[in-house]
Amino acid sequence: MKISVLKSRLSVGFHRVALVEADEHFSAKIASYAEDLAMGEVTLCTNADEYLQVGPDRFDLVILDWNVKGTTSGLTLFNRLRHDPRYSMLPILIISGFVDRNDFRLLEEFPLTRLVEKPFTSGVFIEAIQSLQDELNWIHSHEKSIRKLIVGPQTIDSSRFKKLHQLLQGAPYPAPLLLMLGRFLSCEKRWDEAEKLLRSVVSEDSGNVLALNELGKVLHASGRHREAMDVLEKANTLSPDNVKRICQLGELHLHECDLKTAQKNFEKALAVDPHWARAKKGAELTTNVINFLQQSSHSDPFPKSFASLMNTMGISKVHGGHLEEGIHHYESALHFIRDVDTRSKVMFNMGLGYLRFRLGDKALLWFMRSAKTGGKQFPKAHTYVQDLSSKLVWTDHGLKVQGQTMIEVDAHDDHPVQEAPTPWQPKDPVVTETLSFTSDGSVSKLNEPMPGLIQLEDFDNDALLSGVVEEGFC
């Protein structure tokens with residue numbers, strides 16, 4: 001029997017619903033419940049892979065059978081959605097039979113998540129959906145006031161801290177508030193304030209996994225790796241299936257050069273999701289480091305830090321003539337290096353690697369990345385950018401390298417046609433302009449972004465590298 005009378009007093013704003021459920025009979029029943037709530041279109045996906053193929057961005061609510069069959073499990077799909085910034089606030093209703101046989105502690109770490117046990121009545125379903133809607137409404141209504149409390153003086157005084165704490169205690173679901181606080185304070189790099197707030201929550205609720213997560217992130221970002229590991233290990237004991245946290249623990253053990261433990265963490269993350277990119281990178285990098293150390297001479301001094309170990313490996317591969325391996329190693333290492341100074345030096349070394357093999361086009365791009373990342377604190381990269389870019393000029397036909405010969409590149413063509421080099425004799429005066437490097441890796445004129453990437457591999461490397469001297473690695 002449909003409870004259509006509830007429509008008049010319920011305010012549910014979910015209009016595009018994905019139902020990931022293989023049981024046709026149960027799917028029809030849920031669709032009927034959804035119709036009672038006037039929830040709009042319900043799209044049935046028989047497994048998680050089908051849902052991913054349709055596209056998560058199409059839906060404003062997901063109803064997920066935890067035990068759904070297919071190559072992607074319910075646990076894997078939940079981790080992917082919750083750790084993707086685009087879907088971290090997507091309401092998810094988990095449905096499962098035999099709730100007592102499964103470990104659902106992971107669900108408590110995230111906002112906008114509910115669990116109901118099969119079989120359930122329309123009343124239970126409506127209550128869960130309305131609860132998700134109420135939480136979403138609360139988030140939307142309090143986001144501005146939270147931002148005002150945080151975005152102010154660089155130190156949260158006792159009055160502001162008290163207001164934040166009261167807001168947390170008065171929230172119907174504290175998880176979303178903690179999530180927002182962590183995001184705002186982390187973006188501002190106000191680690192001391194974030195730590196103070198999160199520790200106050202943990203002191204009142206030592207089992208608050210979300211607060212432990214955010215506290216671990218703050219300690220990690222502050223460079224307090226041992227403390228971060230202790231906090232995150234506690235969170236992992238309380239809820240062991242958070243793939244992102246498992247990878248973070250692997251990263252922390254990498255930085256402590258505890259390679260065996262790091263390897264175990266990345267392998268555990270891959271057991272949750274075999275396609276998790278960070279876990280795959282971490283497992284590969286750890287294996288390569290272990291193999292490198294086993295092959296190294298016992299007389300070689302052990303690097304003092306993870307960063308120096310990464311550079312030692314990269315330099316060894318490049319100097320040994322294995323440029324592709326060296327570059328691949330550096331790119332993998334960048335996934336686990338957060339320190340700006342170290343990142344800029346790794347990028348600089350990638351530029352030197354390409355320079356060593358006379359690939360000036362790619363060298364220029366990595367020197368630019370290094371200069372942008374390191375800023376004024378790393379002037380060496382800026383010197384290389386200036387030396388290389390001084391040979392680049394703009395013409396009516398696009399960006400060119402100034403030299404005896406030159407290959408034309410159309411700045412508006414993503415796939416320029418290769419032409420034989422011809423003597424460069426421009427008909428019109430050439431104007432040299434300042435170049436800027438954008439976050440997506442493209443080069444543009446100052447104040448005039450270019451559409452797409454410029455194909456620098458078509459440049460005359462001899463002309464580009466003329467007079468540029470390769471220095472030692474950082």
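The lining of the largest pocket comprises 15 nonpolar, 13 polar and 13 charged residues (Ala, Val, Leu, Ile, Met, Phe, Trp, Tyr, Cys and Pro count as nonpolar, Asp, Glu, Lys and Arg as charged, and the others, Gly among them, as polar). The model is predicted: local features need pLDDT of at least 70 and side-chain atom pairs pLDDT 80 or more, whereas totals for chains, interfaces and linings use all residues. Residues are numbered from 1 along each chain as its sequence is written, and side-chain values use heavy atoms, without hydrogens and water.

A pocket is an open set of points on a 1 Å grid over the protein atoms alone where a 1.4 Å probe fits, with protein on both sides within 12 Å along at least five of seven lines; lining residues have an atom within 4 Å of a point. The volume of the largest pocket is about 1,200 Å³, this being the space filled by probe spheres set on the points, which are joined across faces, edges and corners. Of its 41 lining residues, Ser-186, Lys-217, Lys-244, Gln-248 and Arg-338 lie nearest the centre. Two or more lining residues come from each of α6 (174–187), α8 (209–221), α10 (243–255), α13 (306–319) and α15 (340–356); helices are DSSP runs (H or I, at least four residues) numbered from the N terminus. The most, seven residues, are given by α8.

Elsewhere, Lys-281, Glu-284 and Leu-285 in α12 meet His-328, His-329, Ser-332 and Ala-333 in α14 (contact means heavy atoms within 4.5 Å). The residues of this contact are two nonpolar, three polar and two charged.
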